[in-house]
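This briefing is meant for someone meeting the structure for the first time. Please look over the sequence and the structure below before reading on.

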Amino acid sequence: MRSCAESFTGYILRALGRDYGERLLPRGLDITLCDQLFLIASGLIWNIYFAGFAIVFGFFLATAVALARFSENPWLNRPAGAFIFFFRGSPLFIQFFFFYSAFVLLPRGGIDIPLGVVTLTVDTSPLTTAQVGGLLVLILNTTAYSAELFYGALRSIPRGDLEAADAYGMAGFTRFRRIIWPNMLRLAWPSYTNEAIFLTHSTTLVFLSAFPARQQSGEAFYYARYFVDQTFNPFFAYPLVAAYFILLTLAIIGLFGLANRRLNRHLPQEARPRLRFRPQYIR
Amino acid sequence: MFEFCADPSALPDWQWFVCYLTSGTHLAFYRSFVVVVLLLLVVAPVALGMGLLGAMALRSHFAPVTLLGRGYVNLVRGVPDIVFFLFVPIALGQGIEWVLHQINCPDWDQPIRQGNDFIVCREAKMPPVGASAWARDVYAFGMAVVAFALVFGAFAANTLFGAMQAVPRAQTETAEAYGMTRAQAFRRIVMPQMWVYALPGLSNIWQILIKATPLLFLLGIQDVVYWARELGGAKTSLYTYPHPDWRVWYFLVLLAFYLFLTWTSERGFGWLTIRLSRGQATAEGERQRRKGLA
């Protein structure tokens, strides 16, 4: 039996790969409560990695897609609408399978892109890993969901604010940066916070679907499931992973709450919208 | 299925495909779509019933019942998504076996949990030892239904509770002024009117339910995802129908199937909103009245 300290040094970074702790995961009767505590905690590294990068990239892409959706040019708003419909209308779980099986078909040697004099060879093999391919699917998915939220916010920007911008002679990018964008974010922020939470929760699906967990390095729920398979006792690992996710959720609410305060700093105290956690999970 | 399918290797392309797509495993694949739709059709009313019970518990004036309702709704909503789907069937399965064990084998002296094994006596096994494969499938499916109904019941309870509160207060007050009891006012005034307020939320929950159905795969049920993986994988010439890796096409079909489901239900709920707004004291109902539709 390992002591708790040994479990800690052996497993707290194990999710990064077998070079960062014990080579093998604990098995069968050898599993201690501390093993579960620390190995599942180490899996959170990947949950934070997936959620963090997906939210950062998705945020900017979603702004672009929402603007395209809002534009009156059919060449922009039709494709944006189709993109949103595709990713919001189908289960993320199936999207993972679909994209993985598509990425596997890409040529092994990479794709050659001729650029006049030189030829650029793009290596496509990382796409079959969860860390790149899975992240890409998550980015596209959250882009669609957030774009729909931002689009709704764009439609409800107060007319007075736009008229005031016109009165000041603002146009084009200045008008967008100073009036439209802050207003859009302010209006969409409470629901965008929820979107960030759902996205964080859906990072649990990455390794449950097609993407392989190389060297058994997976995210928190992957390890929880591993322990339940090994011990056949769902009453410790699942509540534990749920507790970790509640902590993660509280952290997101805290961070996004700070941003919310800043976005609404010009409003009187009682008019500021409060963030409310409205879980609806599965996407 | 067809007579010319006897030797597929010697067939022209279109006949090969006809035979391939009607092979026994493909028929099982098509049946699994029916399983998805069946799950939706079974879960929806059960979850709605759970939701109604939950919402009534939340509204109750009897403190322990209110507390129970609140506990249920908040517990399910506070625990992340699929943890619940994987936790409920296995926990419930062990719970049922434990209860049966206590009833059937009172003189069993060994502990049930021995190391990593969960051991109950032979009579307490669920599904019973020697049950047919069909019974095992039904049992697994039933577990999935319970898990889905528990989770979506909590979502629905919250929505329905909000909808009940949204029915104008003056309406129930009028009912009480006419001498109706609380139960009568609820049945005759609140229930018929609350649906139009509940509809946006219910439509949302329905869409989420549709998109949760592929998780059946994680519960070990041979659903659409299982068959798409099985059939799509590359088949060597040892198989009757050898082909390269076609998984991407199979998953494309699944995507199309789910897009079709969500799209049609969106249309359906749009129609239902208009239908339920007839004669209601809402903007849509007012518009219909002015047009002379109602």
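This is a predicted model: local features need pLDDT of at least 70, side-chain atom pairs count only at pLDDT 80 or more; totals for chains, interfaces and linings use all residues.

**A loop residue as a starting point**

**Around A:M170**

- A:M170 sits in the loop that runs between α6 (159–167) and α7 (172–202) of chain A.
- Leaving aside residues up to four places away in sequence, A:M170 touches A:A165, A:R175, A:R178 and A:I179.
- A:N47 lies 123 residues from A:M170 along the chain, and the C-alpha atoms of A:M170 and A:N47 are separated by 42 Å.

**Chain A as a whole**

- Chain A holds nine helices and two strands, and from the N terminus on these elements follow the order α-α-α-α-β-β-α-α-α-α-α.
- Taken along the principal axes, the C-alpha atoms of chain A fill a box of roughly 75 × 60 × 30 Å.
- Of the 283 residues in chain A, 41% are buried.
- When contacts in chain A between residues at least 6 apart in sequence are considered, 73% of them join residues at least 24 apart.

**Chain B as a whole**

- Chain B has 10 helices and two strands, which follow the pattern α-α-α-α-β-β-α-α-α-α-α-α when read along the sequence.
- The C-alpha trace of chain B spans about 80 × 70 × 30 Å along its principal axes, and its radius of gyration is 25 Å, whereas a compact globule of 294 residues would have one near 19 Å.
- Buried residues account for 27% of the 294 residues in chain B, and among its contacts between residues at least 6 apart in sequence, 63% join residues at least 24 apart.
- The average pLDDT of chain B is 86, with 97% of the residues scoring at least 70.
- Within chain B, confidence is lowest in strand β1 (residues 113–114), where the mean is 76, and highest in α9(B), at 92.

**Where the two chains meet**

- How many residues of each chain take part in the contact between chain B and chain A? There are 34 from chain B, in contact with 33 residues of chain A.
- On the side of chain B that touches chain A, the elements giving two or more residues are α3 (63–78), α4 (81–104), β2 (117–118), α7 (182–212) and α9 (247–276) of chain B.
- The element that gives the most to this side of chain B is α9(B), with 10 residues.
- Sorted by class, the side of chain B that touches chain A has 24 nonpolar, four polar and six charged residues.

**The α9 helices of both chains**

- α9(B) has 30 residues and reaches 43 Å from its first C-alpha to its last, which is close to the 44 Å expected at 1.5 Å a residue.
- The buried residues of α9(B) are B:R247, B:Y250, B:F251, B:L254, B:Y258 and B:L261, and they pack against α3 (74–89) and α4 (92–104) of chain A together with α7 and α8 (224–232) of chain B.
- Helix α9 (residues 234–263) of chain A also has 30 residues, and from its first C-alpha to its last it reaches 43 Å, close to the 44 Å expected at 1.5 Å a residue.
- The buried residues in α9(A) include A:Y238, A:V241, A:F245, A:L248 and A:F256.

**The nonpolar core**

- In soluble globular proteins, nonpolar side chains tend to be buried together.
- The largest nonpolar core has 132 residues, of which A:F96, A:A224, A:V241, B:F152 and B:A156 touch the most other members.
- Not counting residues up to four places away in sequence, B:F152 touches B:V43, B:A47, B:I205 and B:L209.

**Two backbone angles to look at**

- Most residues other than glycine have a negative phi, and most peptide bonds are trans.
- A:Q216, which is not a glycine, has a positive phi of about 55 degrees, and its place is in the loop between α7 and α8 (220–231) of chain A.
- A:Q216 counts as partly exposed because 18 other C-beta atoms lie within 10 Å.
- The phi of A:F232 is near 55 degrees, a positive value in a residue other than glycine, and A:F232 is found in the loop between α8 and α9 of chain A.
- A:F232 is partly exposed, with 14 C-beta neighbours inside 10 Å.

How values were computed
Residues are numbered from 1 along each chain as its sequence is written. Chains are lettered from A and ligands numbered from 1 in the order in which they are written. Helices (H or I, at least four residues) and strands (E, at least two) are DSSP runs, numbered from the N terminus. A residue is buried if 20 or more other C-beta atoms lie within 10 Å of its own, exposed if 12 or fewer, and partly exposed in between; C-beta atoms are placed from the backbone. Two residues are in contact if their C-beta atoms, placed from the backbone, lie within 7 Å. Ala, Val, Leu, Ile, Met, Phe, Trp, Tyr, Cys and Pro count as nonpolar, Asp, Glu, Lys and Arg as charged, and the others, Gly among them, as polar. A nonpolar core is a set of buried Ala, Val, Leu, Ile, Met, Phe, Trp, Tyr and Cys residues joined through C-beta atoms within 7 Å. pLDDT is the predictor's confidence in each residue, from 0 to 100. The expected span of a helix is 1.5 Å times one less than its number of residues. The radius of gyration is taken over C-alpha atoms; the globule rule is 2.2 Å times the number of residues to the power 0.38.
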